[in-house]
Amino acid sequence: MGKIKILMLVVVSLLLTNSCYDDEGVTSVESGAKIAKQKGVTLKFGRYFGKCQGKNLCVEIFMLQENKLREDISDTYPLSNQFYKGVFVPVKGVSNISTEELLLEFPIKLLETKATYNRIGMPDAGDWGGIYVEYEDYEHHKQFLIDLNTNNIPKYLKSYVYLIDEKINEIGDVNNQN
C-alpha cells in the first residue's frame, strides 16, 4: 500500500510540474513575457475631423508595430465600436522620424479601463476633431477616441494628446519633403 501512495505522489507531482511548462520548457508567466517581447506593442494613432475638406487632411491614422511606422492610405473615419482596419504602407522618410516616445509616454492608466472601446471627452463634436489611439499587446486590445480639445479631457492625457498631434504634424512635414 505504501508503494502505491508513493507512486501516486510521484505521478501527481510530475503532472503538476509539467503543467507549468510550455513546449519550450519555459514557465507560463515567462511565456507571456516572451510573446510580448517578440510581438511587442502595436499602436495605432491618428487624428480625424468629421467636417473638413482637402485630400488626406480629414483622417490621418498611423500604425507603429515592431519599430516600423506605417500610414493608412484608406483614410476611413474611425468608428467608436470597432478597431481600425486600414491599409497600412511604409511612411516615406521614416528614418527621419522618432516614434519611440509614443510608446514610452503612453498613459498606462488608459489600459486600466474596463471597456474595450472608449470615448474620452467629446471627440469631433464641435468640428475640432479627435485623436484615435488603439493599443494592442499580448494582454490588452483597447481603442480610445479622445477629444482633440484638451479642455474636455483629463489632465493626465493632455500631454499625450499634444504629443500625438505634434507627431502627426512632423510625419506630414517629412512626407511632404519626400
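**Reading strands and salt bridges**

Student: Which residue in E6 is the bridge partner of Arg47?

Tutor: In strand E6, Arg47 is partnered by Ile131. Please keep in mind that this is a predicted model, in which local features need pLDDT of at least 70, side-chain atom pairs count only at pLDDT 80 or more, and totals for chains, interfaces and linings use all residues. Residues are numbered from 1 along each chain as its sequence is written, and side-chain values use heavy atoms, with hydrogens and water left out.

Student: How many bridges pair E1 and strand E6, and in which sense?

Tutor: The general idea is that strands of a sheet pair through backbone hydrogen bonds, either parallel or antiparallel. Strands (E, at least two residues) and helices (H or I, at least four) are DSSP runs, numbered from the N terminus, and two strands pair if DSSP finds at least two bridges between them. In this structure, E1 and E6 (residues 130-136) pair in the antiparallel sense over 7 bridges. E1 is also joined to strand E2 (residues 59-65) by 7 bridges, and these two strands run antiparallel. Within E2, Gln65 stands opposite Thr42.

Student: What is the order of the strands in the open sheet?

Tutor: The sheet has 7 strands in the order E4-E3-E2-E1-E6-E7-E5, and its pairing is mixed. Strand E4 (88-90) and strand E5 (117-120) stand at the edges with a single partner strand each, so one side of each has no neighbour in the sheet. From one strand to the next, the twist averages 20°; axes are lines fitted to C-alpha atoms, for helices over the stretch in contact, and angles run from 0 to 180 degrees between N-to-C directions. As for E4, 3 bridges join it to strand E3 (residues 68-72), and the two run antiparallel. Asp72 has Phe88 in E4 as its bridge partner.

Student: Which residues lie on one side of E1 and which on the other?

Tutor: In a regular strand the side chains alternate between the two faces of the sheet. In E1, Thr42, Lys44, Gly46 and Tyr48 are on one side, and Leu43, Phe45 and Arg47 are on the other; all of them are buried. The term buried means under 20% relative accessible area, exposed means over 50%, and partly exposed lies in between (1.4 Å probe, protein chains only). Strand E1 (residues 42-48) is thus mostly covered, with 7 of its 7 residues buried.

Student: How many salt bridges does the structure hold?

Tutor: A salt bridge is a side-chain nitrogen of Lys or Arg within 4 Å of a carboxyl oxygen of Asp or Glu. The structure holds 4 of them. One of these joins Asp165 to Arg47, with the closest N and O atoms 2.5 Å apart. Asp165 belongs to helix H4 (residues 155-177) and Arg47 to strand E1, so this pair ties together parts that are 118 residues apart in sequence. Asp165 is partly exposed at 21% relative accessibility, whereas Arg47 is buried at 14%.

Student: Which residues are linked in a network of salt bridges?

Tutor: The network links Glu101, Lys167 and Glu170. Between Glu101 and Lys167, the closest N and O atoms are 2.6 Å apart. Glu101 lies in helix H3 (residues 100-104) and Lys167 in helix H4, so parts that are 66 residues apart in sequence are tied together. Lys167 and Glu170 also meet in a salt bridge, at 3.0 Å from N to O. These two residues are 3 apart in helix H4, so about one helical turn separates them. Lys167 is buried at 4% relative accessibility, while Glu170 is partly exposed at 27%.
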